[in-house]
Amino acid sequence: MDLIHIHTDDNVAVSKAPLPAGTLVNWHGSMMPLVTDVPAMHKVCVRPIAAGQPVIKYGQVIGFAREDIAPGTHVHEFNMQAGDHQVEHDFCRDYVPTEYVAPELRATFMGYRRPTGKAGTRNYLAVVSTVNCSVTVSRAIAAHFRDSSKLRDFPNVDGIVALGHDSGCGMSTSGEGYQTLLRTLHGYIAHPNFAGVLLVGLGCEAMQIGSLMRETGLQEGDNFQVMTIQQQGGTRAAIESGIERLTEMLPAANACEREVIPASELTLAVQCGGSDAYSGITANAGLGAAADILVRQGGTVIYSETPEIYGAEHLLTRRACSPHVAQKLVERIKWWEHYTAINGVELNNNPSPGNKVGGLTTIAEKSLGAQAKGGTTALQDVYLYGEQVREKGLVFMDSPGFDPVSVTGQVASGANIVCFTTGRGSAFGGKPVPSIKLASNSNLFERMREDMDIDCGGILDKRFTVAECGEMIFQHILAIASGEQSASERLDYGDNEFAPWHIGAVV
């Protein structure tokens, strides 16, 4: 069949290939002529839609007809608009307790068990900047070790990561913006993918090292050192001191060895970027199936990107484990409505130009496709950006939709592996956590083969089912968590993608 009809209630279907006007498509046993050209991945009307009536996809309202739309007509922004559609959140209506795999039957991976009890999937050392003013020094320290001879005697160390950002001063020393950056820095410093961390400040910034340590409970030790450029006597002295300190950390980091760890210790960040109309049908659906497998293994899945669940949040509140959890999600949506309003932006200004070329017309349509990557299990909790995840199972972490910012928060919250779906082709990887790239269509997979890990396009041509794709993704997660390199790691992505979320004024 040339068209994909996702749900029996849908009055649109998705074209699998570019189809010119006049083409006869097989529609449930009868031949339907196309009234207009329909690009691949775009919607085509399959039932009459009157002006002002809802356009239905995924069994949900994704927008409204601007005019009468006849069957066989291309449906996109020229004849469809977002409109105002209120959904019922129906707290916990669809809640079903998770059925877990018996502990003795659970999968395992080869990871690093840290003194905190947490499990790591990589073994890096880090140089973390408190403020933009110390980024040059932090990067110079890490750059010293890029010479392969410097790490030749430390084969168990994956590398030295410099985490720099453009904040840390010109901000209040209290309030939402400060707390968000504080949580992010703390989450990275304490991340189990780091065997040791050097925290570098300038000395006079708003994000003071002393305050950070007091508020988070961090203490200096062999694997956590702090210094400021001013204290050390300037740039060159600080670089030399930093190199010396990391050199002293290397033997202990190298002594870390992988061991068998249950999959319940994996915390998976699910993310999508450069989505197309196939994403919700293939890559996101397959990732959702993998997420369900991990949750039933006792693991954790962090779903994020609040602006990209807008219009589909009811699918999460309905399977929340409690009204309290559902209300927390609604409160984040309300926060975003206020946040975008005061900044002169509409929350439904998505999709992006690339999304639209890929057949997505409204934020509701994009959100409904995006939510598939969260799977089907119960929503266990909702967290602020970078807040440490405490519950097992599917959780939601508030974040923008901008991929580097969102993933930075997920890693700070504890993710030790990332799965990233894309339809248009996204270039991303974020040290210290490996990112697995899932292509929504085989054309993308072949075109950007070096960047992609898994081709989910086989769902379209029935080479495998969504469930089989989910199992394939899950097995790949275990392999990457055990040390196999992902595509983005082979391309050495990850040194520039640390991007904490800015909230509040820069003064």
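Biologist: What do the buried residues of H3 pack against?

Modeller: They pack against helix H2 (176-189), strand E14 (194-201) and strand E15 (224-228), where contact means heavy atoms within 4.5 Å. Helices (H or I, at least four residues) and strands (E, at least two) are DSSP runs, numbered from the N terminus. Mind you, this is a predicted model: local features need pLDDT of at least 70, side-chain atom pairs count only at pLDDT 80 or more, and totals for chains, interfaces and linings use all residues. Residues are numbered from 1 along each chain as its sequence is written, and side-chain values use heavy atoms, leaving out hydrogens and water.

Biologist: Which residues of helix H3 are buried?

Modeller: In H3 (residues 209-216) they're Ile-209, Ser-211, Leu-212 and Met-213. Buried means under 20% relative accessible area, exposed over 50%, partly exposed in between (1.4 Å probe, protein chains only).

Biologist: Why is the pair of Tyr-303 and Phe-396 called edge-to-face?

Modeller: Rings of Phe, Tyr and Trp (its six-membered ring) pair if their centres lie within 6.5 Å; planes under 30 degrees apart count as stacked, over 60 as edge-to-face and the rest as tilted. Here the centres are 5.5 Å apart and the planes at 80 degrees, so edge-to-face it is. Both Tyr-303 and Phe-396 are buried, too.

Biologist: What makes Lys-328 lie over the face of Tyr-383?

Modeller: The rule wants NZ of Lys or CZ of Arg within 6 Å of the ring centre and within 35 degrees of the ring normal. Lys-328 is at 5.8 Å from the ring centre of Tyr-383 and counts as lying over its face.
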